[in-house]
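Let's walk through this structure together, question by question. Have a look at the sequence and the model first.

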Amino acid sequence: MSGYLNIRNLSVSLRGGGPILRSVTLDVAAGQVHGLVGESGAGKSMIGKAVLGTLPRALQITAGEIWLDGQDLLKLSPGQRRHRIGATTALIPQDPLTALNPSRRIGPQITRRLVDILGWTKAAAEARALELLAEVDIPDPRRVMRTYPHELSGGMRQRILIASAFAAEPKLIIADEPTTALDVTVQKQILRLIAEMQARHGTALLFVTHDLGVVSKVCDSLSVLYAGKIVENARMRRFFMHPIHPYSAALLAATPTYTNPQGSLMPVPESVIETVEQEVTAHDRRWGRR
Amino acid sequence: MRDARSELTRPIGVRLWLSGGWLMLLACAAIFAPWIAPQDPLAQDLFLGRMPPFWENGSEAGFWLGTDSLGRDVLSRILYGARLAMIVALVAGTLTCLIGASLGLIAGFYRGWPDRIISRFVDIWMAFPPVLFAILLIAVLGTGLTSIIIAIVIIDWTRFARVIRAEALSQSAMDYVASAQVAGRARFGTMLTEILPNVLPTIVALLTLEMGIAVIVEAILSFVNLSISTDSPTWGGMIAEGRISVHQAWWVLVFPLITLFLTVLSFSQLGEGLKDRFDPVLR
Ligand SMILES: Nc1ncnc2c1ncn2[C@@H]1O[C@H](COP(=O)(O)OP(=O)(O)O)[C@@H](O)[C@H]1O
Ligand SMILES: [Mg+2]
């Protein structure tokens, strides 16, 4: 297997209930940006959470492998796994409002991982945090380190979370719709910032979004997810020139960029939805609804 | 963005001043009662029975708030009664808080079987009417200060457990808890460093409220004569005795009643005030 993160036939289901992810397989190559696209509720966040080990309790992994740097995470003990993920992987979350602890100052929330996992001294971790805050264009980082999250705007908080994600020089960052909760005016800046930081640090990035337009700008490859099932894995150029799956093609046609620049937003045709639904049902039948 | 430092110098509200002031006054009364009480609270003198407070005709010098039917000084008895009230408030309140909040935190954060066990106990507990429960417990444990404290803890830990469990539950669903986990924090550490600070304002509010409740419970038990032995003055005991002679000597009932009322009110107001100050989002 090539790539830094390899997910193989990952199935997640509600405890005592139906499937949420259906044999998901995808690769994220080292230093590359891989897009994960799908409608709201398709299961994009659950893929990220399965990798990070933070799935909601109601869900469980029923089958599959999650290889991180040549090691299957699901074969490790919970403690080993947490440590391994902490040392190599970081998350840029969707909602900067709930992603920072409201009752702790910004500083310790950034330095936490450096001190806890990498064993840095407090002084070194603080110096690093200041450096990163400056890198994400936060004015007066020293003062910001002492503030509480509620004193900062959403855009500022997301910048801080980006700084925090890159602070420990992780090999992989999972960005779960990092701009969805922000004002439209801030979204572009944050998107550019993430792309710049990724390029400068050479981090592999799993970029979760429901916006194909964004994917076309920042990603090297992508996966399309429908109802917990990957309908297409592709390199960027090939995908936009020649999508294989009808759902991908419909999605592409519905996006007001690239193939369709004037673009009115079109719904995905009924016939296509029927095709994918049939595939999903066929999958469930074959795998006994796990 | 606002400056965090300016908020620390913000004036304390009137509510905090008044309630905090009254409780400080009571704490001083409790500590220094032997030195500041004008009379021996137990000394009986039937010739001084039912003397009115100082502003009424027929009052006696040195007996500021009058005397009861046995000639004991009401003010001195209230001051000595503050000792017992404060001890019960502090010890029972703190113990109840420690036990209830810990269990609630564990149940809400870990969920699974710890939650099932703790929640089941809370449900069973809440099915008992608290006053009957208290009387039953005192009957088993016997009267006395320790019994009262134990009874309050046993009855009231559920108040903390229930509320703190719900708060811990909603905090645990927040992304920052997941982030802490991804950052490699052990679960127990996450509970203490991430969840606890966010439920602390609620714990403080519940604690002061519980102190007020402890004072009331002690008064009720004294009122029905199930508290400390009758020779140490208690507010509840005074209210019980005063009630009998209220038509001849209203002051024997009214002064301890006012004291009790102000104390309980202060505890609850202090809790609300502190909660607002501690809460980083409301602050
Ligand atoms: N805590 C949970 N309990 C049960 N089901 C959940 C939970 N969280 C998410 N789901 C289900 O998992 C599916 C995928 O959710 P999610 O990964 O958040 O979608 P998205 O692609 O929008 O990120 C949804 O259908 C949702 O109903
Ligand atoms: Mg999502």
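Q: Which residues of α3(A) are buried?
A: This is a predicted model, in which local features need pLDDT of at least 70, side-chain atom pairs count only at pLDDT 80 or more, and totals for chains, interfaces and linings use all residues. Residues are numbered from 1 along each chain as its sequence is written, chains are lettered from A and ligands numbered from 1 in the order in which they are written, and side-chain values use heavy atoms, with hydrogens and water left out. Buried means under 20% relative accessible area, exposed over 50%, and partly exposed in between, with a 1.4 Å probe and protein chains only. The buried residues of α3(A) are A:I106, A:G107, A:Q109, A:I110, A:T111, A:R112, A:R113 and A:L114.

Q: Why is helix α3 of chain A described as largely enclosed?
A: Helices (H or I, at least four residues) and strands (E, at least two) are DSSP runs, numbered from the N terminus. Helix α3 covers residues 106–116 of chain A, and the rest of the structure largely encloses it because the buried residues number eight of the 11.

Q: How much of chain A counts as buried, and how does its radius of gyration fit a compact globule?
A: Of the 290 residues of chain A, 54% count as buried. The radius of gyration is taken over C-alpha atoms, and the globule rule is 2.2 Å times the number of residues to the power 0.38. For 290 residues that rule gives a value near 19 Å, so chain A agrees with it at 19 Å.

Q: Which residues come nearest to ligand 1?
A: A residue is near a molecule or strand if one of its heavy atoms lies within 4 Å of it. The shell around ligand 1 has seven nonpolar, four polar and two charged residues; here Ala, Val, Leu, Ile, Met, Phe, Trp, Tyr, Cys and Pro count as nonpolar, Asp, Glu, Lys and Arg as charged, and the others, Gly among them, as polar. Helix α1 (residues 44–52) of chain A gives the largest share, three residues. Of the 13 residues around the ligand, those that come nearest are A:G41, A:G43, A:K44, A:S45 and A:M46.

Q: How far is an oxygen atom of ligand 1 from a polar backbone atom of A:G41?
A: A polar contact is a pair of N or O atoms within 3.5 Å; within protein, one must be able to donate a hydrogen and the other to accept it, and residues adjacent in sequence count only if both atoms are side-chain atoms. For A:G41, the distance is 2.7 Å.

Q: What is the bridge partner of A:S223 in β10(A)?
A: Two strands pair if DSSP finds at least two bridges between them. Strand β9 (residues 221–226) of chain A pairs with β10(A) in the antiparallel sense over six bridges, and in their hairpin, with two residues between the strands, A:A227 takes a positive phi near 45°. Strand β10 (residues 229–235) is mostly covered, with five of its seven residues buried. The partner of A:S223 is A:N233.

Q: Which are the edge strands of the open sheet of four strands?
A: The order in this sheet is β2-β1-β4-β5 (chain A), with antiparallel pairing. Each edge strand pairs on one side only, and the two are β2 (19–28) and β5 (71–72) of chain A.
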